[in-house]
Amino acid sequence: MLFVNTNVSALKGMNFMSRVTERMNLSFEQLSSGSRINSAKDDAAGLQIANRLETQIIGTNQATRNIQDGISALQIADGAMDEITNITQRMRQLAVQMSSNTLSQEDRDGAQLEIEELINAANGIAESANLGGDTPLLEGPDVNFTANSDADIFARVTGMMEQAEANIKAHYGLVGDGEDTFQMLISNHDGAGNVVAFVTSAAGDVISMTLDRDDFNGSISNIDRIIEHEMVHAVMGNQITAAMPKWFTEGTAELIHGADDRLVVDVAGDPAALMAGWNPSSAANSADYSRAYVAARMLHDDLKSAGHSGGMSALMQTMADGDTLDSGLQKLLGISQADFETRVANEGASYIESMDLTNDDLGGIGALDSDAMGTRNAEDAVGDAFSYAEQPLEGFKLDWSAAGFKPDEKKTFQLQTGSNAGEQSSFSIRGGTAERLGLAGVNVSANARGSIAITDKALKNIHEIRREIAGTMAELESMQRNNTAMVINTSDAKSRIKDTDFAAATSELTRNQIIQQASSTILAQANQTPNIALSLLS
């Protein structure tokens, strides 16, 4: 059939040519943009999935940068701790140098001035370590204890215990075995002005230390000496299993810090009258403590005179190895316990008369009067330092559960390490200031030998902090690698959905170009069909 008004063949040709042109335009768009989906009409479901994957990729890349910032912060903290390590080594060097009794007090005081500058330097480094902001990395958590609250008391006392433990290790050669756990308790025990603290123990086992909160309101001075006294009981109770007479346990606990001030009051100008009350088995009052202290000083001198340079330290270590006091005295001095106690009764008064009770030194072991070292007065008897560590002691583990207290020793930092809400990680860094490391108690002028032990403990703390930092860096680097792998795999999934397959697209374009050329030719021929009608009319 031949029609003039309607050229169906041409219309069909135009339709097919329009379609192929649309397909060619789509191919041009895909090839020029590189994306298979350029608008929702191309693939609405695929576009939604691709956009969700793109969100995941962008978020994960930012989380990776967050991790890198965290690693940088840890590297800054580790670098600061490296310099604080150097400072601590110098402090220890000065402590070793000042531990000889050939130096003058002026020499010791000069060395202590350097120590104080080093402490300030360590604090400055710790406080300035930050990632370009106002968030210090090594200051430790903010602590705002109410004065004389239980938390404040515990922070003070554990600092005293840490310093006391170092002194005991330095002067007696004893430290707990590290296995004994004792409770930290606090109560209104017997009112202010009475028993400040006491240790409960059995042979080889320390059970608890109880503090009387009524005595921590400033009414009693130099509480740190009382805590050091009790720490001697704790360490000896842990290390020495043999029974010990009262004079020995209390005398050595007084000798660690010195008790000339007590002795002056109790002797009241009459040494003979004081020593007339000598009872080796009694520790009922202050006079008994003074007599025990005199006995411990005499024993320390006897041991040094016998060639044991550490004095009391030699006897303590012998007893820690299993000797009783009696067998230890026979081994080191060739006398029995009874012989020595008789000597104290007979010669104690004259020994007191030979003591210098008028100078500033308290007579503690390792100080001026006992060992011709630096002057150690009441203020210097125990190093001043708070402790915010959960486990501040080398030789004991502390159980805080009964007191309902847990020291806040680490500052926690949060990192968004994943793309989604809830994908956070945290890392904690212990404080690296001089006080938190225990360095604030170093005093080479008054307690050089004890300062060696204090710096040793501080170096151990530093190494633990740096080990924790290294572990956290390794953890963050692992997260970074995981995020990188996640971005790669997610990008691969998104690419398969959204990106143009150039091989398929160019093949499709070539096919459509051939079809377009054919359609164009056929359409031209179809448009000539109505002309046949003219030939019929002619």
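**Exercise 1. Determine which residues bring helix 4 and helix 15 into contact, and describe how the two helices are arranged.**

Solution. From helix 4, the residues Glu162, Gln163, Ala166, Asn167, Ala170 and His171 take part; they meet Arg449, Gly450, Ala453, Ile454, Lys457 and Asn461 of helix 15. The model examined here and in the exercises below is a predicted one.

Step 1 sorts these residues by class. The contact of helix 4 with helix 15 comprises four nonpolar, five polar and three charged residues.

Step 2 turns to geometry. Two packed helices are described by the angle between their axes and the distance between the axes. For helix 4 and helix 15, the angle is about 120° and the axes lie 8 Å apart.

Step 3 names the arrangement. Angles of 65 to 115 degrees count as roughly perpendicular and those over 145 as roughly antiparallel; helix 4 and helix 15 are therefore oblique to each other. The crossing of helix 4 past helix 15 is right-handed.

**Exercise 2. Carry out the corresponding analysis for helix 5 and helix 6, beginning with the angle at which they pack.**

Solution. Helix 5 covers residues 223–239 and helix 6 covers residues 246–255; they pack at about 130°, and their axes are 8 Å apart.

The orientation of helix 5 and helix 6 is therefore classed as oblique. In passing helix 6, helix 5 makes a right-handed crossing.

The contact itself is listed next. Helix 5 contributes His229, Val232, His233 and Met236, while helix 6 contributes Phe248, Thr249, Glu250, Thr252, Ala253 and Glu254. By class, the contact of helix 5 with helix 6 has four nonpolar, four polar and two charged residues.

**Exercise 3. Classify the crossing of helix 11 and helix 12 from the angle between their axes.**

Solution. Helix 11 consists of residues 325–332 and helix 12 of residues 337–354; their axes come within 8 Å and cross at roughly 85°. Because of this angle, helix 11 is roughly perpendicular to helix 12.

The residues in contact are Leu325, Asp326 and Leu329 from helix 11, together with Gln337, Ala338 and Phe340 from helix 12. Four nonpolar residues, one polar and one charged make up the contact of helix 11 with helix 12.

**Exercise 4. State the strand order of the four-stranded sheet and trace its pairings, strand by strand.**

Solution. The sheet is open, its strand order is 2-3-1-4, and the pairing is mixed. Strand 2 (197–202) and strand 4 (397–399) are the edge strands, each pairing on one side only. From one strand to the next, the twist averages 25°.

Six bridges link strand 2 and strand 3 in the antiparallel sense, and serine 201 stands opposite valine 206 in strand 3. Strand 2 and strand 3 form a hairpin with two residues between them, and glycine 204 in the turn has a positive phi of about 75°.

Strand 1 (residues 181–187) and strand 3 (residues 205–212) run parallel and are joined by five bridges. Within this pairing, serine 187 has aspartate 212 in strand 3 as its bridge partner, and glutamine 183 has serine 208 in strand 3.

Strand 1 and strand 4 run parallel and are joined by three bridges. Glutamine 183 has aspartate 399 as its bridge partner in strand 4.

**Exercise 5. Identify the parts of the chain linked by the pair of aspartate 78 and arginine 466.**

Solution. Side chains of opposite charge can pair when their charged atoms come close. The structure holds 21 salt bridges. In one of them, the side chains of aspartate 78 and arginine 466 meet with an N to O distance of 2.9 Å. The cut-off for a salt bridge is 4 Å.

Aspartate 78 belongs to helix 2 (residues 44–97) and arginine 466 to helix 15 (residues 448–498).

Methods:
Residues numbered from 1 in each chain as written. Predicted model: local features only at pLDDT ≥ 70, side-chain atom pairs only at ≥ 80, totals over all residues. Heavy atoms only, no water. Pairing = 2+ DSSP bridges. Axes fitted to C-alpha atoms, helices over the stretch in contact; angles between N-to-C directions. Parallel < 35°, antiparallel > 145°, perpendicular 65-115°, else oblique. Contact = heavy atoms within 4.5 Å. Nonpolar A, V, L, I, M, F, W, Y, C, P; charged D, E, K, R; others polar. Left-handed = near helix turned anticlockwise from the far one by under 90°.
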